[in-house]
Amino acid sequence: MATASFYVGVIGTFRRIVKHRSTEEFESFPYICTLLASALWTYYGVTKAGSLLVATVNGFGVVVEIVYVTLFLVFAPPRTRAKTGTLVALLDVGFLAGVILITHFLLHGDTKIDVIGFLCAGLNIAMYASPLAAMKTVVTTKSVEYMPFLLSFFSFLNGGIWTFYAVLVKDFFVGVPNGAGLLLGAAQLLLYFIYRNPNSSKKVSNDLEDQLQNERLLPSTAS
């Protein structure tokens, strides 16, 4: 589940994609997961009494994520576009339609809400965990270029806000995944602050290497 600020926090990323007319090394999976999770949370909010806030915020998210995924499909290279299109068809269309049809016609009452809640919670954890691929790229390249700070920050903030909301309304399905999101968001921010200045680290490394080379040259110069 996400707040409105979480959805708009990645505008800079898509502005860059449109400007360069390329998705570069950005991953589409986080946005595909977020679209699916937002759609299911909207369904959960509509189904469960007293959850209008959940339905409203996530309904807005569905619209925003559709725009993001569409832009990704437009500007991604052919292989990535095919992979993204397949995932969208399977998850955001097929899986979502299956869940809505099964729960609407075969389940009723608390059982229906519980099943939707469990699915939403699981997908919410997947949504928060989906940037793990980007985190791996950060560690490998020692650069945060493809893990936008605002996305990480709003992921952390979003998890905290919804965890607090879940405690207030005593909603287990909202609390558990967003508590996990709070921790994963904190991990992303930690990585960001470790690798945010790759050039500085590189400079220090080069300076140390130059110093060692000079020390090796000193004895031969003295002789």
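Of the protein's 223 residues, 40% count as buried. The model is predicted, with a mean pLDDT of 81 and 83% of residues at 70 or more. The protein has 10 helices and 0 strands. Among contacts with a separation of 6 or more, 78% join residues 24 or more positions apart.

**Confidence**

- Helix 5 (residues 78-106) has the highest confidence, at a mean of 94.
- Helix 10 (residues 198-222) has the lowest, at a mean of 47.
- Over residues 200-205 the pLDDT stays under 50, and the model gives this stretch 0 contacts beyond four places in sequence.

**Fold and helix geometry**

- Read along the sequence, the pattern is α-α-α-α-α-α-α-α-α-α.
- Helix 3 (residues 29-47) contains 19 residues, and the distance from its first C-alpha to its last is 27 Å, close to the 27 Å expected at 1.5 Å a residue.
- Helix 3 is largely enclosed by the rest of the structure, because 16 of its 19 residues are buried.
- Helix 4 (residues 52-75) contains 24 residues and reaches 35 Å from first C-alpha to last, close to the expected 34 Å at 1.5 Å a residue.
- In an α-helix, with 3.6 residues a turn, residues three or four places apart point the same way.

**Largest pocket**

- The volume of the largest pocket is about 170 Å³.
- Its lining includes a run of residues made up of Thr23, Glu24, Glu25, Phe26, Glu27, Ser28 and Phe29.
- Phe72, Thr80, Lys83, Thr84 and Leu87 also line the largest pocket.
- Helix 5 gives the most to the lining of the largest pocket, with 4 residues.
- By residue class, the lining of the largest pocket divides into 4 nonpolar, 4 polar and 4 charged.

**Glycine 159**

- Glycine 159 lies in helix 8 (residues 149-169).
- Glycine 159 counts as buried because its relative accessibility is 0%, against a cut-off of under 20%.
- Apart from neighbours within four places in sequence, glycine 159 is in contact with Tyr128, Asn178 and Leu182.
- Valine 176 is 17 residues from glycine 159 along the chain, and the C-alpha atoms of the two are separated by 9.8 Å.

**Residues with positive phi**

- Arginine 21 has a phi near 55°, a positive value in a residue other than glycine.
- Arginine 21 is in the loop between helix 2 (11-20) and helix 3.
- With a relative accessible area of 61%, arginine 21 is exposed.
- Lysine 170 also has a phi near 55°, again positive in a residue other than glycine.
- Lysine 170 is in the loop between helix 8 and helix 9 (172-195).
- At a relative accessible area of 75%, lysine 170 is exposed, since the cut-off for that class is over 50%.

How values were computed:
Residues numbered from 1 in each chain as written. Predicted model: local features only at pLDDT ≥ 70, side-chain atom pairs only at ≥ 80, totals over all residues. Heavy atoms only, no water. pLDDT = per-residue confidence, 0-100. Helix = DSSP H or I, 4+ residues; strand = E, 2+ residues; numbered from the N terminus. Contact = heavy atoms within 4.5 Å. Expected span 1.5 Å × (residues − 1). 1 Å grid on protein atoms, 1.4 Å probe; cavity = no way out; pocket = protein on both sides within 12 Å on 5 of 7 lines; lining within 4 Å. Points joined across faces, edges and corners; volume = space filled by probe spheres on them. Nonpolar A, V, L, I, M, F, W, Y, C, P; charged D, E, K, R; others polar. Buried < 20%, exposed > 50% of the residue type's maximum accessible area, 1.4 Å probe, protein only.
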